[in-house]
Amino acid sequence: NAEYMGTLSECLFFFAISMPETGVLSTARVMLPDDANVYGNVHGGTILKLIEQAGYVVACRYLAQEQRSEAVGSALVHLSQMNFHQPMYIGEFAKVYARPTYTSKRSLEVHADVWAENLRTGENRKTNSVFLVYVALGHPAGTVCSFPPLTPSTAEEEAAFAAGEQRYKSRKERRDDPASPIEISEIPEVADGPAPSDCAVTLVLPMLPGDAWGGEFVAGGVIMKHMDNAAGCVAAKYCRTNVVTAQIEALDMKHPVRVGDLVHVSAAPVFTSAKSLDIEVVVEV
């Protein structure tokens with residue numbers, strides 16, 4: 001069902017949506033022409049931003065269950081296994097279902113699935129899935145707080161919790177023994193095309209008040225959208241054809257970005273197979 005109110009130039013739409021048992025509907029909206037990439041599909045960065053909004057809502061709601069003397073917020077610190085299963089199209093209704101799956105003492109893992117609904121036919125397609133990790137921030141600003149423990153109540157939740165614990169341990173191992181970066185010189189050149197080093201891109205962007213969910217810290221989804229923009233530029237320059245984001249293996253937020261910071265987003269190709277191109281993106285303030 002849908003109802004609208006307001007003038008023709010300013011309408012608010014409300015949708016009654018059935019939610020699956022596997023998650024809580026955290027955010028949803030219709031994909032508009034402003035959300036399109038140059039090929040007419042929904043921009044990967046738009047989906048990343050929508051997912052991070054959902055994760056932020058879940059993390060804040062989870063923290064709100066525990067009574068604290070001071071307000072505590074949340075911040076994205078890690079993303080992994082971000083898969084783009086199918087494209088999303090302009091006019092479809094994007095729905096993000098997210099739920100907490102694991103807690104350590106100072107972090108919360110959230111799993112999110114993205115579905116695209118064709119509002120004319122009622123068809124629903126799963127387009128994305130991802131794991132996000134949040135920390136709780138208190139006062140003074142940036143102080144990391146503890147999360148209340150998550151208690152699984154079903155066999156499915158227990159399995160998800162155990163898998164989340166394994167991912168948490170793997171992240172700790174990677175932090176203790178970081179992999180050496182791949183040199184750009186290992187990338188073969190495309191025949192009659194630009195050299196890999198010529199495809200590197202750096203975007204320089206000021207962080208504005210509208211880039212924060214609230215307060216002084218820039219939202220992780222905003223940073224991820226800029227990273228996807230930079231990676232898309234590199235892929236288009238290197239391949240010289242239509243390109244789409246297929247997967248994000250892992251993303252770490254090592255330091256907070258504040259409103260007023262000037263951010264440099266640098267991207268370069270690091271590996272290629274017959275049908276894919278790996279791009280490393282680094283953000284510096």
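**Chatting through the predicted model**

Colleague: Where is V285 found?

Modeller: V285 sits in the segment after strand 12. Keep in mind that this is a predicted model.

Colleague: Noted. Is V285 buried or exposed?

Modeller: Exposed, because its relative accessible area is 59% and anything over 50% gets that label.

Colleague: And what is V285 in contact with, leaving aside its neighbours within four places in sequence?

Modeller: V257, D261, L262 and V263. There's also a spacing to R258: that residue is 27 residues from V285 in sequence, and the two C-alpha atoms are 9.2 Å apart in space.

Colleague: What about V283, where is that one found?

Modeller: V283 is in strand 12, which covers residues 277-284. With a relative accessible area of 26%, V283 is partly exposed. Setting aside residues within four places in sequence, V283 is in contact with I223, M227, V263, H264 and V265.

Colleague: OK, zooming out. How many helices and strands are there in the protein chain?

Modeller: Three helices and twelve strands. The chain has 285 residues, and buried ones make up 39% of them.

Colleague: What share of the contacts with a separation of 6 or more comes from residues 24 or more positions apart?

Modeller: That share is 69%.

Colleague: Let's do helices. At what angle do helix 1 and helix 3 pack?

Modeller: About 165°, and their axes are 8 Å apart. Helix 1 is residues 44-64 and helix 3 is residues 220-239. That angle makes helix 1 roughly antiparallel to helix 3, because the label applies to angles over 145 degrees.

Colleague: Is the crossing of helix 1 and helix 3 left-handed or right-handed?

Modeller: Right-handed.

Colleague: Which residues meet there?

Modeller: From helix 1 you have G44, G45, T46, L48, K49 and E52. They meet G220, G221, V222, M224, K225 and D228 of helix 3. By type, the residues of this contact split into three nonpolar, five polar and four charged.

Colleague: Switching topic: how many aromatic pairs does the structure hold?

Modeller: Three. In one of them, Y102 and Y168 have ring centres 5.8 Å apart and planes at 40°, so that pair counts as tilted.

Colleague: Where do Y102 and Y168 lie?

Modeller: Y102 is in strand 5 (residues 93-103) and Y168 is in helix 2 (residues 155-176), so the pair ties together parts that are 66 residues apart in sequence. Y102 counts as buried at 6% relative accessibility, while Y168 counts as partly exposed at 22%.

Colleague: Which residues form an aromatic cluster?

Modeller: Y102, F161 and Y168 form one together.

Colleague: Backbone next. What is phi of Q81?

Modeller: It's near 55°, which is positive, and Q81 isn't a glycine.

Colleague: Why would I flag that?

Modeller: Because most residues other than glycine have a negative phi.

Colleague: What's the place of R240?

Modeller: R240 is in the loop between helix 3 and strand 10 (247-252). R240 is exposed, at a relative accessible area of 55%.

Colleague: Last one: where is P256?

Modeller: In the loop between strand 10 and strand 11 (262-272). P256 counts as partly exposed at 49% relative accessibility, because the exposed label takes over 50%. The C-alpha atoms of P256 and L76 are separated by 9.3 Å, though these residues are 180 residues apart along the chain.

Notes. Residues are numbered from 1 along each chain as its sequence is written. This is a predicted model: local features need pLDDT of at least 70, side-chain atom pairs count only at pLDDT 80 or more; totals for chains, interfaces and linings use all residues. Side-chain values use heavy atoms; hydrogens and water are left out. Axes are lines fitted to C-alpha atoms, for helices over the stretch in contact, and angles run from 0 to 180 degrees between N-to-C directions. Helices (H or I, at least four residues) and strands (E, at least two) are DSSP runs, numbered from the N terminus. Angles under 35 degrees count as roughly parallel, over 145 as roughly antiparallel, 65 to 115 as roughly perpendicular and the rest as oblique. A crossing is left-handed if the near helix is turned anticlockwise from the far one by less than a right angle, and right-handed if clockwise. Contact means heavy atoms within 4.5 Å. Ala, Val, Leu, Ile, Met, Phe, Trp, Tyr, Cys and Pro count as nonpolar, Asp, Glu, Lys and Arg as charged, and the others, Gly among them, as polar. Rings of Phe, Tyr and Trp (its six-membered ring) pair if their centres lie within 6.5 Å; planes under 30 degrees apart count as stacked, over 60 as edge-to-face and the rest as tilted. Buried means under 20% relative accessible area, exposed over 50%, partly exposed in between (1.4 Å probe, protein chains only).
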